[in-house]
Amino acid sequence: MTLWQDAAAKKREEISALIPEAWRIDNLPSVKEQVDVTEYVKQYLSEEELSITESDAEKIVGKTTSGAWTAEKVTRAFCHRAALAHQLLSCLHEIFFDAAIADAKKLDDYFAEHKTPVGPLHGLPISLKDQFHVKDVETTMGYVGWIGTFEGKKGTGKEKVFESEMVRELRASGAVLYCKTSVPHTLMSGETVNNIIDYTMNPKNRNLSSGGSSGGEGALIGIRGSPVGFGTDIGGSIRIPAAFNGLYGLRPSTGRLPYEGMSNSMDGQNTVLSVVGPLGTTAGSLRLVTKALLSQQPWLHDPFVHEIPWRSEEEDKIQQLLQFVGESVPKEKKLVFGVMHTDGVVTPTAPIRRAIEFVTKALEAAGHEIFTWSPPSHKVLNDTGFRSWVFDGGRNVREAFALSGEPMAPQVSLYQNEMKEFSATEIAETNVAMRALKKEYMDYWNSTAKETSTGRPVDAIISPLAPWPAARREKYKYYGYTTWINALDYTTVVFPVTSVDKAIDVKSSDFKAVDEKDQEIQDDYDPEIYDGAHVSLQLVGRRLQEEKILAVAEYVGKLIGK
């Protein structure tokens, strides 16, 4: 083996060695078998562990803050399920179960002495994407050359000592941190693969991707090895894994949650910023952790965070609708939903089209108004925003690979060859173009007020977030349904809708492709392979509408039985 292969193998073995012997799986099922490992894994868990790990974050916190469950008991249950998840899916980069259990015991001691929880997340296990720095734990971000360093550099004094700002705030809220999850090296892929842990699979169907770049989070939470976790999103990296794994995922607008102290690729590129946000099994889980973080006043610790505490009044306006689930809402309370059936570039496959129709009909039946969304060109918007991903000509990621000499995965081969670096003038011109496109889109959204019966603009947009329910390996070839959100910096929540049914979601015999790319995407869909896969959509709001769009997602989810 070469030096980089030796280093990767050693790291991979170190991760596996941290799984207790009693939690190891003998005779792992072959990946070729279409096994739903979310069900398969249950045989290794006790009834109590199942009860804990099948609970959502709100229920867990209700138990831990009342003393019904100890933090230690909850932490051990999720550590066990996470260990099983990694063996089946390759979803963990870092394991620190012992430190987590020690932290949980301290929380229990505090509760026993003071009869009160440490904070709103007391005893809640939370998983983190491997961009967060955690004391006594490495951050490799999937790069072999980052092993044993601080972001690729040695002797900084920060190795295993430095912690990201959000880590501090989660600890202060009473959360228990126990693992960091896998990412694609570079972070710039809708699939998760690197040379340390290989490929992270989808727990529902291991022939499909778990998504990316927060793919480890999606897989781990999807198999219930975590109740809620945090990822990042610069082109869909929270929403894609949330969708592929049947979860809720919040992509907040920039400046709502703290990013201070995170590792990243192409750091310093500010045209389209990466944001941090939660993934979980319910909309309520996302609200719980978001409110907890905002209660820590992150604007005092991260210069890019807006001073916007949680706005309950914005949430309450929508939550009033929950009382009408099962009956038509009064006219004065109805919402207007813009529905995007296609972006005009790539046509969604059959399961996605069926999901849109299903949600649309449910909303209409509940008394809401549906508006056909026909915005300015998404192709122009996406093409302009995409420039930010290559401003440095790929130099940053190539330098990271050069540290070890490891090869790039095919999914990120865009950066393989040296590209022209943008000049300061060209970057400024891109920023001017982006500003104009944002204004054009804003004007379109405002103009919908003239066409709705409410006399106000569309409340939220229902949109695909990918052309298919989940990508097959090396087949994530179109990002346009997620990247337009990043270009506009809109608040977005992914929500699960249904599952693929091969008997219903058949290929269209009379499909007419826009172009070769459109045809290629349709050809990649196979009902037999996708049968049973999660099908999700996204709800899109305007900038900084986190409270409103989370509440809308919760309402829609309950309306459709999700």
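Tutor: Before we start, note that UniProt positions are given in the numbering used here, and that such annotations may be inferred rather than shown by experiment. The model above is a predicted one.

Student: Which residues does UniProt give for the feature "domain: Amidase"?

Tutor: The unreviewed UniProt entry places that feature at residues 74–550.

Student: Which residues does the UniProt annotation "binding site" cover, and why can they be said to gather at one spot?

Tutor: According to the unreviewed entry, the annotation covers Leu187, Ser213, Ile234, Gly235, Gly236 and Ser237. They span 51 residues in sequence, but no two of their C-alpha atoms are more than 10.7 Å apart, so they gather at one spot.

Student: Is leucine 187 buried or exposed, and what is it in contact with?

Tutor: Leucine 187 has a relative accessible area of 5%, and it is buried because the cut-off for that class is under 20%. The residue is found in the loop between β3 (176–181) and β4 (193–194). Leaving aside neighbours within four places in sequence, leucine 187 is in contact with Lys129, Gln131, Met141, Ser213, Ser237, Asn264 and Ser265; Ser213 and Ser237 also belong to the annotated site.

Student: Where is glycine 236 found, and what does it touch?

Tutor: Glycine 236 is found in the loop between β6 (228–233) and α9 (239–244), and it is buried, with a relative accessible area of 0%. Not counting residues up to four places away in sequence, glycine 236 touches Gly212, Pro241, Thr482 and Asn486.

Student: How should I read backbone angles, and which peptide bond is cis?

Tutor: As a general idea, most residues other than glycine have a negative phi, and most peptide bonds are trans. In this model the peptide bond from glycine 212 to serine 213 is cis, with omega near 5°, and serine 213 lies in the loop between β5 (198–199) and α8 (215–222). Turning to phi, lysine 115 has a positive value of about 60° although it is not a glycine; this lysine is found in the loop between α6 (97–114) and β2 (125–129), and at 66% relative accessibility lysine 115 counts as exposed. Glutamate 151 likewise has a positive phi, of about 55°, although it is not a glycine. Its place is in the loop between β2 and α7 (165–172), and at 26% relative accessibility glutamate 151 counts as partly exposed.

Student: At what angle do helix α12 and helix α19 pack?

Tutor: Two packed helices are described by the angle between their axes and the distance between the axes. Here α12 (residues 350–365) and α19 (residues 546–559) pack at an angle of about 95°, with their axes 10 Å apart, which makes α12 roughly perpendicular to α19. Val359, Ala362 and Leu363 in α12 meet Tyr555, Val556 and Leu559 in α19, and by class this contact has six nonpolar, no polar and no charged residues.

Student: What is the order of strands in the open sheet, and which strands stand at its edges?

Tutor: Strands of a sheet pair through backbone hydrogen bonds, either parallel or antiparallel. The open sheet here has eleven strands in the order β1-β3-β2-β6-β8-β7-β12-β13-β11-β9-β10, with mixed pairing. At the edges stand β1 (92–95) and β10 (369–372), each with a single partner strand, so one side of each is left without a neighbour in the sheet. The twist averages 30° from one strand to the next.

Student: How many bridges join strand β9 to strand β11?

Tutor: Three bridges join β9 (residues 336–339) to β11 (residues 460–463), and the two strands run parallel. Valine 339 stands opposite isoleucine 462 in β11.

Note on methods
Residues numbered from 1 in each chain as written. Predicted model: local features only at pLDDT ≥ 70, side-chain atom pairs only at ≥ 80, totals over all residues. Heavy atoms only, no water. Helix = DSSP H or I, 4+ residues; strand = E, 2+ residues; numbered from the N terminus. Buried < 20%, exposed > 50% of the residue type's maximum accessible area, 1.4 Å probe, protein only. Contact = heavy atoms within 4.5 Å. Axes fitted to C-alpha atoms, helices over the stretch in contact; angles between N-to-C directions. Parallel < 35°, antiparallel > 145°, perpendicular 65-115°, else oblique. Nonpolar A, V, L, I, M, F, W, Y, C, P; charged D, E, K, R; others polar. Pairing = 2+ DSSP bridges.
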